[in-house]
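Please look over the sequence and the fold shown below before reading on. The paragraphs after it go through the structure part by part.

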Amino acid sequence: MNTIKLYSMAYQDRSDRVRWLMEEIGLPYENHFLKVNDNWKVIEQGYCDINPMNRVPTIVDGNVTLYESAAICMYLTDKYSYGKLAPTIDSPYRPQYLKWMISSVGTYEAAIARLFTHTKTDLEKFQTREYVASQAEIWKKELLPILNHQEYLLPTGFSTCDIMMAAIIGNHEAPGYEFVAKGHPTVEKYIERLAKRDACIRAKVYG
Ligand SMILES: N[C@@H](CCC(=O)N[C@@H](CS)C(=O)NCC(=O)O)C(=O)O
């Protein structure tokens, strides 16, 4: 089996979910931490040849070079843990799995990330928090009924979409946690349960 190269800036960037997943599967991998400037922009020479977006994460798995964290996680799961951490293509749970994989980054993270980026003035910070709070109210209509009666997002048990969602919501002090988990015991317990996994700890997802 190839040793997979994982390019990132630090443990707690969007490489967290990829590292966690590789730890869960037991894949051999090497961390390549890139040179960054004070604003956390990648300044490593030659990296754009690997990822023209100049962002992280990127993996190199043999002759496959891939970026976009959700795509990487879907690729690695289908290749190395098909039917275990991802439902098979003929499973009735595959559509929901795909939905979570895409909405984790496209819907949840797209909004939560604003808490880091849309903060130039006090007014912008306030408006961003209002926006994320309003989105979180909608998300909870989806999340709470599921987590109120099962331990993981899919009824079949722990899967890669839990890794995505838990990495994005974050733990305790993370900005996303305040809006999505805090005050909702089932979501708090869900994150707590996931944070205790050996693979999550080894991957240093929450520090
Ligand atoms: N949708 C992409 C987002 C990638 C992304 O924005 N990564 C951040 C780090 S968490 C980055 O590389 N930032 C550097 C920059 O903005 O130049 C993914 O999920 O992989």
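The structure is a predicted model, in which local features need pLDDT of at least 70, side-chain atom pairs count only at pLDDT 80 or more, and totals for chains, interfaces and linings use all residues. Residues are numbered from 1 along each chain as its sequence is written.

The domain assignment of the protein gives domain 1 (4-80) and domain 2 (94-203); such bounds come from an automatic or database domain assignment. The C-alpha centres of domain 1 and domain 2 are 21 Å apart. Their contact takes 12 residues from domain 1 and 12 residues from domain 2, where two residues are in contact if their C-beta atoms, placed from the backbone, lie within 7 Å. On the side of domain 1 that touches domain 2, the elements giving two or more residues are H1 and H3, and H1 supplies the largest share, seven residues. Helices (H or I, at least four residues) and strands (E, at least two) are DSSP runs, numbered from the N terminus. By class, the residues on this side of domain 1 are five nonpolar, two polar and five charged. Here Ala, Val, Leu, Ile, Met, Phe, Trp, Tyr, Cys and Pro count as nonpolar, Asp, Glu, Lys and Arg as charged, and the others, Gly among them, as polar.

Next comes the core. A nonpolar core is a set of buried Ala, Val, Leu, Ile, Met, Phe, Trp, Tyr and Cys residues joined through C-beta atoms within 7 Å. A residue is buried if 20 or more other C-beta atoms lie within 10 Å of its own, exposed if 12 or fewer, and partly exposed in between, with C-beta atoms placed from the backbone. The largest nonpolar core has 48 residues, of which Cys73, Met101, Cys161, Met164 and Met165 touch the most other members. Elements that give two or more residues to this core include strand E1 (4-8), helix H1 (16-25), helix H3 (69-80) and helix H4 (94-112). H7 gives the largest share of this core, eight residues. Why does the core lie between the domains? Domain 1 (4-80) and domain 2 (94-203) both give residues to this core, so it lies between them. Setting aside neighbours within four places in sequence, methionine 101 is in contact with Ala70, Cys73, Met74, Cys161 and Met164.

H3 has 12 residues and reaches 16 Å from its first C-alpha to its last, close to the 16 Å expected at 1.5 Å a residue; the expected span is 1.5 Å times one less than the number of residues. Its buried residues are Ser69, Ala70, Ile72, Cys73, Met74, Leu76 and Thr77, and what covers them includes H1, strand E3 (58-61), strand E4 (64-67), H4 and H7. Tyrosine 80, also in helix H3, is partly exposed, with 19 other C-beta atoms within 10 Å. Leaving aside neighbours within four places in sequence, tyrosine 80 is in contact with Ile25 and Leu27.

H4 bends by about 45° at serine 103, the bend being the angle between axes fitted to the seven residues ending there and the seven starting there. Among the buried residues of H4 are Tyr97, Trp100, Met101 and Ser104. The buried residues of H4 pack against H3, helix H5 (114-117), H6, H7 and H8. Leucine 98 lies in helix H4 and counts as partly exposed, with 15 C-beta neighbours inside 10 Å.
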